[in-house]
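Please keep the sequence and the structure in view while reading.

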Amino acid sequence: KSVYESLAKMEKGFDDAGIIPNIVLLTGQINTIKRFVEENIASTFLIEDCVSVQDTMVKIPLKTPAPVTIVLGWKIGRHLYSDTTKFIHFVEKLFG
């Protein structure tokens, strides 16, 4: 599923509950999201692995866990740094 499909499902859930969320930012920058939450500027939905014990955020689990698909992508023919290549091989070994 794409981010937009997940967002549409989430918005439908809010609509079904009679809640109108004020979505002002969609970003993949986890540190930005965490900072906004820590500063009481925003709330968020994150996968559990994005929150560490050092974070000051409170985790509230969903009643029904939502499946998440994570994709790695890179442009073919472009130079990849050795750390990037190691990470790709690590992910392939772990999940491939």
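N40 sits in the loop that runs between α2 and α3. The model is a predicted one. The chain contains three helices and zero strands, in the order α-α-α along the sequence. With a radius of gyration of 17 Å, well over the 12 Å that the globule rule gives for 96 residues, the chain is more spread out than a compact globule.

- N40 has a phi near 60 degrees, which is a positive value in a residue other than glycine.
- The relative accessibility of N40 is 70%, above the 50% cut-off, so N40 counts as exposed.
- T44 is also placed in the loop between α2 and α3, the latter helix covering 82-95.
- T44 has a relative accessible area of 33%, which lies between the limits of 20% and 50%, so this residue is classed as partly exposed.
- Setting aside neighbours within four places in sequence, T44 makes contact with I33 and V37.
- From T44 to E5 the separation is 39 residues in sequence, and the C-alpha to C-alpha distance is 17 Å.

**K34 in helix α2**

- K34 belongs to helix α2.
- Its relative accessibility is 13%, under the 20% limit, and K34 therefore counts as buried.
- Apart from neighbours within four places in sequence, the contacts of K34 are C50, D55 and M57.

**Overall dimensions and packing**

- Along the principal axes, the C-alpha atoms of the chain fill a box of roughly 50 × 30 × 25 Å.
- Of the 96 residues in the chain, 10% are buried.
- Among contacts in the chain with a separation of 6 or more, 6% are between residues 24 or more positions apart.
- The chain has an accessible surface of about 9,100 Å², and carbon and sulfur atoms account for 58% of that surface.

**The largest pocket**

- The volume of the largest pocket is about 2,600 Å³.
- This pocket is lined by 48 residues, of which M10, T44, F45, L46 and I47 are the closest to its centre.
- At least two lining residues of the largest pocket come from each of α1 (3-16) and α2 (30-38).
- Helix α1 gives the largest share of this lining, with seven residues.
- By class, the lining of the largest pocket consists of 33 nonpolar, 10 polar and five charged residues.

**The second largest pocket**

- The second largest pocket holds about 340 Å³ of space.
- Its lining is made up of D49, I70, V71, L72, W74, F87, I88, V91, E92 and F95.
- Eight residues in the lining of the second largest pocket are nonpolar and two are charged, with no polar residue.

**Points to take from the model**

Conventions: Residues are numbered from 1 along each chain as its sequence is written. This is a predicted model: local features need pLDDT of at least 70, side-chain atom pairs count only at pLDDT 80 or more; totals for chains, interfaces and linings use all residues. Side-chain values use heavy atoms; hydrogens and water are left out. On a 1 Å grid over the protein atoms alone, a cavity is a set of points where a 1.4 Å probe fits but cannot get out, and a pocket is an open set with protein on both sides within 12 Å along at least five of seven lines; lining residues have an atom within 4 Å of a point. Grid points are joined across faces, edges and corners, and a volume is the space filled by probe spheres set on the points. Helices (H or I, at least four residues) and strands (E, at least two) are DSSP runs, numbered from the N terminus. Ala, Val, Leu, Ile, Met, Phe, Trp, Tyr, Cys and Pro count as nonpolar, Asp, Glu, Lys and Arg as charged, and the others, Gly among them, as polar. Buried means under 20% relative accessible area, exposed over 50%, partly exposed in between (1.4 Å probe, protein chains only). Contact means heavy atoms within 4.5 Å. The radius of gyration is taken over C-alpha atoms; the globule rule is 2.2 Å times the number of residues to the power 0.38. Accessible areas come from the Shrake-Rupley method with a 1.4 Å probe; for residues, only the protein chains shown count as cover.
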